[in-house]
Amino acid sequence: LGKPLMSIVIPTIVSQLEVSHYSVQQISLQSTILLASSFPEIFREVVGLLSPHLRQLLASATKSQSSNNSQSSNQTKVENQENISVKKQPTIQLKSDFGHFV
């Protein structure tokens, strides 16, 4: 993708971050991140040309996304630690007692 096309696509996608529907915001943010990682030089140039309003919108959406990711990551770690610490009963009941081998 060239700079002329990206200069149309990126502002259009970023402006969709203002839409109140959550799924549209998520798709827009994922698309923006994909373009940024695929074409970093062109992305930086085009974002530099965006209006201050769109730049602020993009910045706040990416910050919000990163804080949500870190919170969900921390919650997953806590849940995993809780699951590890809880002793579970065996799922298969043995007919013989092998307790004397311990």
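**Questions on a predicted chain**

Trainee: Among contacts between residues at least 6 apart in sequence, what share joins residues at least 24 apart?

Mentor: Contact here means heavy atoms within 4.5 Å. This is a predicted model, in which local features need a pLDDT of at least 70 and side-chain atom pairs count only at pLDDT 80 or more, whereas totals for chains, interfaces and linings use all residues. Residues are numbered from 1 along each chain as its sequence is written, and side-chain values use heavy atoms, with hydrogens and water left out. Of the contacts in the chain between residues at least 6 apart, those joining residues at least 24 apart make up 65%.

Trainee: What pattern does the chain follow when read along the sequence?

Mentor: Helices (H or I, at least four residues) and strands (E, at least two) are taken as DSSP runs and numbered from the N terminus. By that rule the chain has four helices and zero strands. Read from one end of the sequence to the other, the pattern is therefore α-α-α-α.

Trainee: In which helix is the confidence highest, and in which is it lowest?

Mentor: The pLDDT is the predictor's confidence in each residue, on a scale from 0 to 100, and the chain averages 81, with 75% of the residues scoring at least 70. Where pLDDT is low, the predicted coordinates should not be read in detail. The highest mean, 94, belongs to H3, and the lowest, 72, to H4.

Trainee: Which residues have the most contacts inside the largest nonpolar core?

Mentor: A nonpolar core is a set of buried Ala, Val, Leu, Ile, Met, Phe, Trp, Tyr and Cys residues joined through side-chain atoms within 4.5 Å, where buried means under 20% relative accessible area, exposed over 50% and partly exposed in between, with a 1.4 Å probe and protein chains only. The largest such core has 16 residues, and those with the most contacts inside it are Ile 10 and Leu 17. The elements that give two or more residues to this core are helix H1 (3–15), helix H2 (22–38), helix H3 (40–49) and H4.

Trainee: What share of the 102 residues in the chain is buried?

Mentor: In soluble globular proteins, nonpolar side chains tend to be buried together. For this chain of 102 residues, the buried share comes to 19%.

Trainee: Which residue forms a salt bridge with Glu 45?

Mentor: A salt bridge is a side-chain nitrogen of Lys or Arg within 4 Å of a carboxyl oxygen of Asp or Glu, and by this rule the count comes to one. The pair links distant parts of the chain, 42 residues apart, with Glu 45 in helix H3 and its partner in helix H1. Glu 45 is partly exposed at 40% relative accessibility, and Lys 3 is likewise partly exposed at 37%. With the closest N and O atoms 2.9 Å apart, the partner of Glu 45 is Lys 3.

Trainee: How far apart in space are Arg 55 and Pro 11, C-alpha to C-alpha?

Mentor: Arg 55 lies in helix H4 and touches Val 47, Gly 48 and Leu 50, not counting residues up to four places away in sequence. Pro 11 lies in helix H1, and with neighbours within four places left aside by the rule, its contacts include Val 46, Leu 50 and Leu 54. Arg 55 and Pro 11 are 44 residues apart in sequence, while their C-alpha separation is 9.3 Å.

Trainee: What accessible area do Ile 92, Leu 94 and Phe 98 have together?

Mentor: Patches are made of residues with over 30% relative accessible area and no salt bridge, like charges being joined within 9 Å and nonpolar side chains (Val, Leu, Ile, Met, Phe, Trp, Tyr) within 5 Å. Areas come from the Shrake-Rupley method with a 1.4 Å probe, and for residues only the protein chains shown count as cover. Ile 92 is in the segment after helix H4 (52–85) and is exposed, with a relative accessible area of 62%. Together the three residues form a nonpolar surface patch of about 340 Å².
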